[in-house]
Amino acid sequence: MALTSNGAISPHSEDAGEIAVPLAVVLDSLEDSKAEDIVAIDVTGKTPIADHMIVASGRSHRHVGAVADRLLRDLKDNGAKAVKVEGLNSCDWVLIDTGDVIIHVFRPEVRTFYNLEKMWQMDSAAQVELVV
């Protein structure tokens with residue numbers, strides 16, 4: 001598995017009893033559910049909303065939903081609390097916010113349209129790594 005250029009991730013905060021989920025848990029879950037084109041972006045210092053953003057694709061609506069469901073189960077099994085989810089009904093773009101890590105799971109056409117990687121990579125391409 002590949003991580004961002006910072007190596008192992010140690011979360012910077014645990015607010016109000018929330019347990020921060022390691023980036024490795026998210027990446028392992030996405031790989032296990034056969035998500036495609038997984039990109040990890042270190043956004044530390046670029047935004048206060050998260051430390052890492054993950055962008056991945058599913059092959060279809062059904063695959064996007066399955067990837068998101070599996071990730072939500074894995075997050076819960078690893079002690080994540082107060083995980084927020086948007087878009088699970090349509091499964092074009094599912095956003096999962098764990099606090100320190102924000103995960104976007106797209107259908108390929110929707111991912112291409114919004115092109116989030118380009119927006120968040122503008123400062124440093126070295127902080128972005130494709131997970132194979």
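Confidence in this predicted model averages a pLDDT of 82 over the protein, and 77% of the residues score at least 70. Residues 1-19 are a stretch where pLDDT stays under 50. For residues 1-19 the model has 36 contacts beyond four places in sequence.

**Helix 1 and helix 2**

Two packed helices are described by the angle between their axes and the distance between the axes. Helix 1 covers residues 23-32 and helix 2 covers residues 61-77. Their axes come within 9 Å and cross at roughly 140°. The crossing of helix 1 past helix 2 is right-handed. The residues that make this contact are listed by helix below.

| Helix | Residues in the contact |
|---|---|
| Helix 1 | V25, V26, S29, L30, D32 |
| Helix 2 | V67, R70, L71, D74, L75 |

Sorted by class, the contact of helix 1 with helix 2 contains 6 nonpolar residues, 1 polar residue and 3 charged residues.

**A50**

A50 lies in the loop that joins strand 1 (36-42) to strand 2 (52-57). Its relative accessibility is 4%, so A50 counts as buried, the cut-off for buried being under 20%. Leaving aside residues up to four places away in sequence, A50 touches V43, T44, G99, D100 and I102. The C-alpha atom of A50 is separated by 8.7 Å from that of T98, and the two residues are 48 residues apart along the chain. A50 is thus a loop residue that is buried and that touches, among others, G99 and D100.

Conventions: Residues are numbered from 1 along each chain as its sequence is written. This is a predicted model: local features need pLDDT of at least 70, side-chain atom pairs count only at pLDDT 80 or more; totals for chains, interfaces and linings use all residues. Side-chain values use heavy atoms; hydrogens and water are left out. Helices (H or I, at least four residues) and strands (E, at least two) are DSSP runs, numbered from the N terminus. Buried means under 20% relative accessible area, exposed over 50%, partly exposed in between (1.4 Å probe, protein chains only). Contact means heavy atoms within 4.5 Å. Axes are lines fitted to C-alpha atoms, for helices over the stretch in contact, and angles run from 0 to 180 degrees between N-to-C directions. A crossing is left-handed if the near helix is turned anticlockwise from the far one by less than a right angle, and right-handed if clockwise. Ala, Val, Leu, Ile, Met, Phe, Trp, Tyr, Cys and Pro count as nonpolar, Asp, Glu, Lys and Arg as charged, and the others, Gly among them, as polar. pLDDT is the predictor's confidence in each residue, from 0 to 100.
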